[in-house]
Structure formats: C-alpha cells, structure tokens
Amino acid sequence: MSSKPRILLTRRWPAAVEQVLAERFDVTLNEGDVPLTAAELAEALRTYDAVLPTVSDRLPADLFAGGGLRAKILGNYGVGYNHIDVAAAKAADIVVTNTPGVLTDCTADIAMTLLLAVARRAGEGERQVRAGEWSGWRPTHMIGGKITGKTLGIIGFGRIGKAMAKRCHFGFDMDVVFYNRSRIDPAEASRYGARQLDTVEDVLKVADFVSLHCPGGGENRHLINAERLALMKKGAYLVNTARGDVIDEPALIAALENGVIRGAGLDVFEAEPNVPERLRGLENVVLLPHLGSATEETRVAMGMKVADNITAFFDGREPPDRVA
Ligand code: 8YV
C-alpha cells in the first residue's frame, strides 16, 4: 500500500506534468476522453486525497454534502473555478486552488484572435475560399470593420483584461476603457493604456469592441443581457473568452440576427460543448472551442502550478494559489 497521497486527474494532462505528479503522488488518471459523471466525481471525493478537476467537471454543493469525504484539496486545472461550489467545498473542509498568471498571455492572445477575426471576417473568408466559392477580388467584397484607432471596452480589469488592454492600446493604437468592480489606481491603468469608467453601461455605450474578462457565475451571470446589448453601438463587436454564462446566449443570438450589434467572437459558451444551432448558423460570428489556454507552454505551466499547490498542501505549507 503506497503512503503517497492518492490523487485523481479527471482528464489526461500534458505528459510532462503527469510525470512530475507521478514522482510524488499515487496518481489515477481518467483514461477516457469524456468528463466524469456527477456520480463518478462524488465517488472520487470519497476515494482520493486530492481531485484535480478541469472546467469540464461540475462540482455543485450537493457533491460536498453528507460527509464521508476523503478529499482534502481540489487543485483546479485553470484560473476560473465557477464550476466548483467553493463555499460548499470550504464547508466540507476542502481547500481549492487555481492557476492564475500562467495563462494570461495566451488567453489575451485568443481574445485578440477573435477580435481580429470577427472584425475582418476571417472565418467567413476562409470558409468561402475552402468551399471554392471565391469569385475574385472586388472593391466591395467582404468588407469588415477597421480595428486600428477604435475604442476597446474591457469588462473586468484583472490580469487577462490588462493583457488585452496592452495588446490593443500599444499594438493597435486603440483607446481603451474598462469597467472593474473595484477601483484601479489611474496610474496603474495608464500603464496598460487604459482608463476606468464607472459602470458597465458607460463602457458598452462608447466601445467599438467589447471584450469580457470577468469571472463567470454569481452576479456576473447574464451580465450581458438584451438590455445591455441594446446599449452597444450598432456597429460594435463582442468578444468573450471569460465564461459562457456571462452572456445571455439567446439574447446575443437575437442581437446578432437583428443587427443590434455587428458581430461576436466567442471562445466560451453557456452549455459547453453544446453551441446553439442558431449561433452556428450565423456568418457574423467566430466560434472557437474554448482554446484560451491551449498552447503547449501554458497547459504545462498550468499543470506545474497545480503540482506546486498540492505539493505545498501535502507538505503542510500554504498552497500559493488557494481560493478557499
Ligand atoms: C482552461 C480556462 O483551459 O483557466 C481557465 O479558466 O478557462 C481555460 O483556459 C480551463 O479552465 C481548463 O480547466
């Protein structure tokens, strides 16, 4: 019987990280390519000292109720953790950690990719060429929206929001405004070429591009709803690399269909991996399968961060990225 802590990876991780974890822990891997069911996750909490979930695992309050849990820590593989009921985990004496910092640049890069692609109609153009439907250059062919010099509105000025601001202001000469729950020192904001406005509405009204960088769940659920979409400029674009539930998806689809806004670039959806058929049928959207952190460097760094957190915990030290 191994004396190493028993840990469960709910999905396969990069090999380099699995190797590091195997040196220190008694590792069980979910070999299947599908997420665990709620019943399997509940069983995992009773069986393992640590469970390492991802965004595709739902851990609501009822999973932590009833006692008899062996798990002492959830080392979340990702920065966003709204798929875990953190209060319920805490009440069950389970520590939760996440992976801030290491995915900032790659997630901002994907936001940038979506912004550029939707405004310049890259997805549409690519589909046209691949289908053999391009009939030749014309002055009026596939005209998009100019990006350089426009106004970017950021909702949520954390690490990723700041990285997005920097890219847009210093790379694309954009005027950057943002909304953030707490006040940001103007000197700090100006380092990113950005300026804070008082309300979400203030940002929506002036922005040519709106990029969401706030956490999902809680009070941010459906932050972007029909009324707020109606405040956006008619020619504006919405980019979401945060969480799908920040947007009321049916309201967004209606806004896109009716020309309330011009387009959207989305990396996250309300019920992943299910993307509504009506949304998939629109030409004025660019849709990605939650690729924010999907680079080799970042996925390895995220895993190493989880390893650091659970190693600290089992060594009796404070995990560096404890969220509960
Ligand atoms: C991760 C993310 O890939 O870290 C996050 O919050 O959204 C993604 O970039 C995902 O969470 C993996 O669990």
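A residue is near a molecule or strand if its C-beta atom, placed from the backbone, lies within 6 Å of it. By that criterion the residues around the ligand are Thr54, Val55, Tyr77, Gly78, Val79, Gly80, Leu103, Thr107, Gly292 and Ser293. This is a predicted model, in which local features need pLDDT of at least 70 and side-chain atom pairs count only at pLDDT 80 or more, while totals for chains, interfaces and linings use all residues. Residues are numbered from 1 along each chain as its sequence is written.

**Annotation and overall content**

- An unreviewed UniProt entry carries the annotation "domain: D-isomer specific 2-hydroxyacid dehydrogenase catalytic" for residues 14-323; UniProt positions are given in the numbering used here, feature names are shortened, and annotations may be inferred rather than shown by experiment.
- Over residues 14-323 the chain is 37% helix and 13% strand, with the end C-alpha atoms 24 Å apart.
- Helices (H or I, at least four residues) and strands (E, at least two) are DSSP runs, numbered from the N terminus.

**Ligand surroundings**

- The shell around the ligand divides into four nonpolar, six polar and no charged residues.
- In this division Ala, Val, Leu, Ile, Met, Phe, Trp, Tyr, Cys and Pro count as nonpolar, Asp, Glu, Lys and Arg as charged, and the others, Gly among them, as polar.

**Five-stranded sheet**

- An open sheet of five strands has the order β2-β1-β3-β4-β5 with parallel pairing, where two strands pair if DSSP finds at least two bridges between them.
- Its edge strands, each pairing on one side only, are β2 (26-29) and β5 (95-97).
- On average, neighbouring strands of this sheet are turned by 20 degrees against each other, direction ignored; axes are lines fitted to C-alpha atoms, for helices over the stretch in contact, and angles run from 0 to 180 degrees between N-to-C directions.
- Strands β3 (residues 50-52) and β4 (residues 73-75) run parallel and are joined by two bridges, and Val51 has Leu74 in β4 as its bridge partner.
- Helix α12 lies across β1 (6-9), β3, β4 and β5, and runs at about 165 degrees to β4; contact between two residues requires their C-beta atoms, placed from the backbone, to lie within 7 Å.

**Seven-stranded sheet**

- Seven strands form a further open sheet with parallel pairing, in the order β8-β7-β6-β9-β10-β11-β12.
- The edge strands here are β8 (194-196) and β12, each of which pairs on one side only.
- Neighbouring strands of this sheet are turned by 20 degrees against each other on average, direction ignored.
- Helix α6 (residues 159-172) packs on the sheet and touches β6 (151-155), β7 (175-179), β8 and β9 (209-212), its direction making about 165 degrees with that of β7.
- β6 and β7 pair in the parallel sense over five bridges, with Leu152 opposite Val176 in β7.
- Four of the five residues of β6 are buried, leaving the strand mostly covered; a residue is buried if 20 or more other C-beta atoms lie within 10 Å of its own, exposed if 12 or fewer, and partly exposed in between, with C-beta atoms placed from the backbone.
- Strand β10 (residues 237-240) runs parallel to β11 and is joined to it by four bridges, and Asn240 stands opposite Leu266 in β11.
- Gly171 lies in helix α6 and is exposed because 12 other C-beta atoms lie within 10 Å.
- Gly171 and Thr148 are 23 residues apart in sequence, and their C-alpha atoms are 8.6 Å apart in space.

**The loop between β12 and α12**

- Leu288 lies in the loop between β12 (285-287) and α12 (296-314) and is partly exposed, with 18 other C-beta atoms within 10 Å.
- Leu288 touches Ile110, Leu114 and Asp267, not counting residues up to four places away in sequence.
- The C-alpha atoms of Leu288 and Leu114 are separated by 8.4 Å, although these residues are 174 apart along the chain.
- His290 is found in the loop between β12 and α12; His290 is also partly exposed, with 18 other C-beta atoms within 10 Å.

**Backbone geometry**

- Most residues other than glycine have a negative phi, and most peptide bonds are trans.
- His290, not a glycine, has a positive phi of about 50 degrees.
- Arg121, not a glycine, has a positive phi of about 55 degrees; Arg121 is found in the loop between α4 (104-119) and α5 (122-130).
- Arg121 counts as buried because it has 20 C-beta neighbours inside 10 Å.
- The peptide bond from Glu272 to Pro273 is cis, with omega near 5 degrees, and Pro273 has its place in the loop between β11 (263-266) and α11 (277-280).
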